[in-house]
Amino acid sequence: MRKVSLTGIKPTGSLHIGNYLGAIKPALELAKEFDARYFIADYHGLNTIKDPKELNFTIRHVAAGWLAAGLDPERVLLYRQSSIPEIFELTVMLMAFTSKGLMNRAHAYKAAVQVNADKGDDLDAGVNMGLFTYPVLMAADIIAFDSDVVPVGQDQVQHIEMAQDIAGAVNANYKKPVLKVPKAAIQDSVATVAGLDGRKMSKSYNNAIELFCSEAVLQKTIMRMVTNSQGVEEPKDPDSSHIFSLYKFFADQGEQDALAARYRAGGMGWGVAKEELFRVTNRALSPMRERYEAIIADIPALDKILEQGAEKARPIAAATIKRLRKACGIDS
Ligand code: ADP
Ligand code: TRP
């Protein structure tokens with residue numbers, strides 16, 4: 001049997017280059033050798049997006065993004081989390097095996113508490129149970145599909161470890177491998193893609209380069225990248241430049257060597273380095289942008305693909321539920 005690769009993306013904003021390089025592209029690579037199940041985590045999105053129009057659009061945006069990036073729905077199951085009720089039944093079952101202490105240690109929850117502490121607010125202000133139990137729903141997403149590997153960026157590793165803990169607790173209790181214990185798949189070179197200011201690219205930091213923006217916006221965004229104050233004539237170190245590190249993702253080896261030499265020689269200002277980055281980025285993203293525009297222009301066809309994916313996915317999750325219910329003594 002082929003191994004299973006599964007990952008999800010929360011529909012909480014515009015897809016950016018970090019999402020593409022850190023999650024979508026490696027996941028599509030894995031889909032060549034694994035049975036792949038890739039989905040839109042829309043109930044995870046509901047934790048933060050309370051505007052119905054925004055959530056509705058962003059779900060389609062992410063789905064169209066997967067397809068534009070090359071996902072073949074004939075070979076990869078693409079679905080909305082909300083279309084698989086078995087995931088939510090599994091979430092409830094896994095709750096019984098998840099200690100509250102484990103959730104207290106989750107980075108996203110701890111960060112929210114810290115923000116409140118710094119402001120002198122009630123520690124749980126603005127924290128909903130969706131955020132607190134986020135890792136259990138994510139564990140159910142993964143475990144429902146007997147996933148072997150979960151391609152994600154570095155920031156998601158703790159969540160995968162929690163899914164391992166939870167599946168492990170179930171298996172230990174019943175003294176047999178009822179649930180598959182997943183592993184994270186992180187491609188080292190893209191574990192963290194830097195944003196405009198050199199920090200991790202993230203929609204929360206307002207430092208992202210959007211994946212499907214127009215050519216003009218792409219250029220404007222890249223020109224806003226933060227640089228040091230080195231003048232045109234000064235030699236520059238490509239290896240410590242986040243402009244060059246992004247360039248490497250989109251340029252071939254010959255281009256990389258040639259531009260690195262220009263950095264080191266001096267005589268090239270940051271403006272030119274950014275122009276070069278724009279050129280290779282736009283070259284790589286243009287065909288994807290065109291596919292995205294065509295897909296998002298036909299929402300009924302897109303929804304059909306998602307429904308067909310869900311139809312094929314549901315029986316897999318149902319089999320996991322059946323296995324676990326039997327182990328628990330709740331079989332019908
Ligand atoms: P954001 O940080 O912008 O909110 P998400 O948390 O929605 O992004 O991430 C969706 C997926 O993209 C996750 O698998 C995450 O690990 C990956 N990802 C996000 N930002 C980056 C980045 N800067 N570098 C590498 N991977 C990333
Ligand atoms: N938590 C992931 C993120 O913020 C999204 C996600 C939800 C996910 N369920 C998942 C990722 C299951 C991998 C597997 O990016």
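Residues are numbered from 1 along each chain as its sequence is written, and chains are lettered from A and ligands numbered from 1 in the order in which they are written. In this predicted model local features need pLDDT of at least 70, side-chain atom pairs count only at pLDDT 80 or more, totals for chains, interfaces and linings use all residues, and side-chain values use heavy atoms, with hydrogens and water left out.

Reader: Why is the pair between Tyr134 and ligand 2 called a polar contact?

Author: A polar contact is a pair of N or O atoms within 3.5 Å. A polar side-chain atom of Tyr134 lies 2.6 Å from a nitrogen atom of ligand 2, so the pair qualifies. For Gln156, an N or O atom of the side chain is 2.9 Å from a nitrogen atom of ligand 2.

Reader: Which contacts of ligand 1 involve backbone atoms?

Author: A backbone N or O atom of Val193 lies 2.8 Å from a nitrogen atom of ligand 1, and a polar backbone atom of Gly18 is 3.4 Å from a nitrogen atom of this ligand.

Reader: How are the residues around ligand 1 divided by type?

Author: Six are nonpolar, eight polar and three charged. Asp, Glu, Lys and Arg count as charged, so Asp155 and Lys203, among the nearest residues, belong there.

Technical notes. Polar contact = N/O pair within 3.5 Å; in protein donor to acceptor, adjacent residues only side chain to side chain. Near = heavy atom within 4 Å.
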